[in-house]
Amino acid sequence: MTEGGLDERSVLGRTVAVLDAFTVDDRAVGLSELTRRTGLPKATVHRLCRDLVAARWLSASPDGYRLGRGLFELGMRAATERTMLEVAVPFMQDLFSRTRETVHLGVLDGNEVVYISKIGGHRQARAPSRIGGRMPLYCTAIGKALLAHSQPATIDRILSGPLTRRTPRTVVGPGLLRAQLDNVIERGVAYEYEESAVGIVCVAAPILDTDDRPVAAISLTGPATRFTPEVHAVSVRAAAAGVASLLARRDNLPS
């Protein structure tokens, strides 16, 4: 059984294993590499890939397999994320228009933040984030904004888990991180100073529901050489509050 309770021996479990074997940076993955990543028999992987191509969840090329357009279409039917994008993207576009810096939208998933939207121009900072990609909560501004408003048990789990030092400036002391999270609650924004990637600084604000639970967060990212996160704290906080307000009004509309 997988951690989430899915039987790895079932057809569904093996299918999920193949799909999960793709990373955000993959362009094409060959059959042998998929076999290595999944640990499944090569014949099984080949059969599953053939069926996934027929379902348009994978596409095949001479270089190997890629995640298919059918998966994208299916993902866009996810009501929560679709509604979030419809509401948040205009606010993100306004933030980008005013700053010309990279704007992210992320949601909490387990111990990580998953980026569901990103807007950046020609001079955008070389951040490690990708749409659909994941980053740790403890060393990203957007992750800390989400974590600070999470349940105490979630905070305790993250701070007691392995905290890998990704750069010389990554904060890995649980006490220091807890103090940062307290500051997020007090200020309404979270900061990152080259903690997830060298040369990158960020400011982020949580998007809270009517019960003050974090449903997403918006961040503004720029290069440490010219970007001062504190200058944009009010704008980022206002954008997040605007998204939260509109989401709340939508939730209160009669169905």
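At what angle do the axes of helix H6 and helix H8 cross, and within what distance do they come? In this predicted model, local features need pLDDT of at least 70 and side-chain atom pairs count only at pLDDT 80 or more, while totals for chains, interfaces and linings use all residues. Residues are numbered from 1 along each chain as its sequence is written, and side-chain values use heavy atoms, with hydrogens and water left out.

The axes of H6 (residues 141–148) and H8 (residues 174–187) cross at roughly 80° and come within 9 Å. Helices (H or I, at least four residues) and strands (E, at least two) are DSSP runs numbered from the N terminus; axes are lines fitted to C-alpha atoms, for helices over the stretch in contact, and angles run from 0 to 180 degrees between N-to-C directions. H6 and H8 are therefore roughly perpendicular to each other, a term that covers angles of 65 to 115 degrees, with angles under 35 degrees counted as roughly parallel, over 145 as roughly antiparallel and the rest as oblique. From H6, Lys144, Ala145, Leu147 and Ala148 meet Gln180, Leu181, Val184 and Ile185 of H8, where contact means heavy atoms within 4.5 Å. This contact of H6 with H8 has six nonpolar residues, one polar and one charged. In these classes, Ala, Val, Leu, Ile, Met, Phe, Trp, Tyr, Cys and Pro count as nonpolar, Asp, Glu, Lys and Arg as charged, and the others, Gly among them, as polar.

Arg14, Thr15, Val18 and Leu19 of H1 make the contact with Thr44, Leu48, Cys49 and Leu52 of H3; by class, five of the residues are nonpolar, two polar and one charged.

Two threonines illustrate the setting of H2. Thr38 lies in H2 and is buried, with a relative accessible area of 18%. Its side chain reaches the backbone oxygen of Leu34 at 2.9 Å, and a polar atom of the Thr38 side chain lies 3.4 Å from the backbone oxygen of Thr35. Such polar contacts are pairs of N or O atoms within 3.5 Å; within protein, one must be able to donate a hydrogen and the other to accept it, and residues adjacent in sequence count only if both atoms are side-chain atoms. Apart from neighbours within four places in sequence, Thr38 is in contact with Ala17, Val18, Ala21 and Val45. Thr35, also in H2, is buried at a relative accessible area of 16%, and a polar atom of its side chain lies 2.9 Å from the backbone oxygen of Leu31.

The strands remain to be described. An open sheet of six strands has the order E5-E4-E3-E8-E7-E6, with antiparallel pairing, strands being paired if DSSP finds at least two bridges between them. Its edge strands are E5 (134–136) and E6 (190–193). E4 (residues 112–119) pairs with E5 over three bridges, and Val113 stands opposite Met135 in E5. Helix H9 (residues 233–251) lies across E6, E7 (200–208) and E8 (214–223), running at about 30° to E7.

How values were computed: Buried means under 20% relative accessible area, exposed over 50%, partly exposed in between (1.4 Å probe, protein chains only).
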